[in-house]
Amino acid sequence: MASELLERLSQDLELLSEHVRAALDEFGTLLAYLEGRRGGGTVLLHAPYTEAIPVLQALNGLTFRGRILLALDPSPLSPTLEERPLTGPTRSPLEHLLEVHRPQRLLLAFPGEGLGVRFPGGKETQEGWRPLSAEGEPLTLHVQAPTGLTYKEIRAYEAWESPPLPLSLPQGEGPYLGAVGRALGIPTYGVGMLNLRANLEAVLGLG
């Protein structure tokens with residue numbers, strides 16, 4: 001499966017490279033650099049690779065300042081050595097992106113609406129997702145990236161919270177990976193896939 005996914009990613013890289021500067025990192029994350037108007041910093045927009053089409057559609061023709069680094073993460077599709085399917089993106093590929101690129105802001109696409117400004121903490125156990133304080137150990141998985149790189153993922157994620165933004169969008173619980181950005185001091189928000197373009201326009205319009 002890893003080789004098939006890598007082939008798909010490589011084909012998509014060729015297609016993206018015809019339009020924008022694009023790359024594939026060691027975790028198999030597909031990167032695309034979108035340049036906006038002068039001024040502003042770099043925003044890292046992180047989304048599952050499975051959402052590539054709706055995310056690219058939302059970005060098409062979008063007006064913004066600075067740069068958007070779009071990161072399409074294939075980790076939800078990556079196999080684990082325990083042969084257990086992943087139920088969402090993993091921590092290590094995102095940590096790597098943030099440490100290398102150090103964006104001014106992190107936006108995490110998630111299956112919701114409006115903005116995600118907090119997460120209460122949670123873990124994935126044999127019985128499913130639970131609060132961090134609940135009984136049961138979090139799953140410890142060994143994940144194989146499409147590139148062949150393997151890494152350990154402990155499916156436990158700390159709570160995080162970001163200040164609400166002065167926007168007329170719903171603002172509530174967001175994606176579980178937000179603590180990765182907050183730990184590095186990077187302003188972090190979830191952007192809901194429902195009405196994604198409107199959500200991005202609102203957030204990016206703040207400058």
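Thr 29 lies in the loop that runs between β1 (21–24) and β2 (30–35). The model is predicted.

**Thr 29**

- Thr 29 counts as buried because its relative accessibility is 0%, and the cut-off for buried is under 20%.
- With neighbours within four places in sequence left aside, Thr 29 is in contact with Ala 23, Leu 24, Ala 71, Leu 72, Asp 73, Pro 74, Pro 93 and Leu 97.

**Helix α3**

- Helix α3 spans residues 91–101.
- Its buried residues are Arg 91, Ser 92, Pro 93, Leu 94, His 96, Leu 97 and Leu 98.
- Two of these buried residues, Pro 93 and Leu 97, are also among the contacts of Thr 29.
- An α-helix has 3.6 residues a turn, so residues three or four places apart point the same way.

**Strand β7 and its faces**

- In a regular strand the side chains alternate between the two faces of the sheet.
- Strand β7 (residues 122–125) is covered on both faces.
- Gly 122 and Glu 124 are buried on one side, and Lys 123 and Thr 125 are buried on the other.

**Partners of β7**

- β7 and strand β8 (residues 128–130) are antiparallel and pair over 3 bridges.
- Thr 125 has Gly 128 in β8 as its bridge partner.
- The link from β7 to β8 is a hairpin through 2 residues.
- β7 also runs antiparallel to strand β11 (residues 156–157), and 2 bridges join them.
- Opposite Gly 122 stands Tyr 157 in β11.

Methods: Residues are numbered from 1 along each chain as its sequence is written. This is a predicted model: local features need pLDDT of at least 70, side-chain atom pairs count only at pLDDT 80 or more; totals for chains, interfaces and linings use all residues. Side-chain values use heavy atoms; hydrogens and water are left out. Buried means under 20% relative accessible area, exposed over 50%, partly exposed in between (1.4 Å probe, protein chains only). Helices (H or I, at least four residues) and strands (E, at least two) are DSSP runs, numbered from the N terminus. Two strands pair if DSSP finds at least two bridges between them. Contact means heavy atoms within 4.5 Å.
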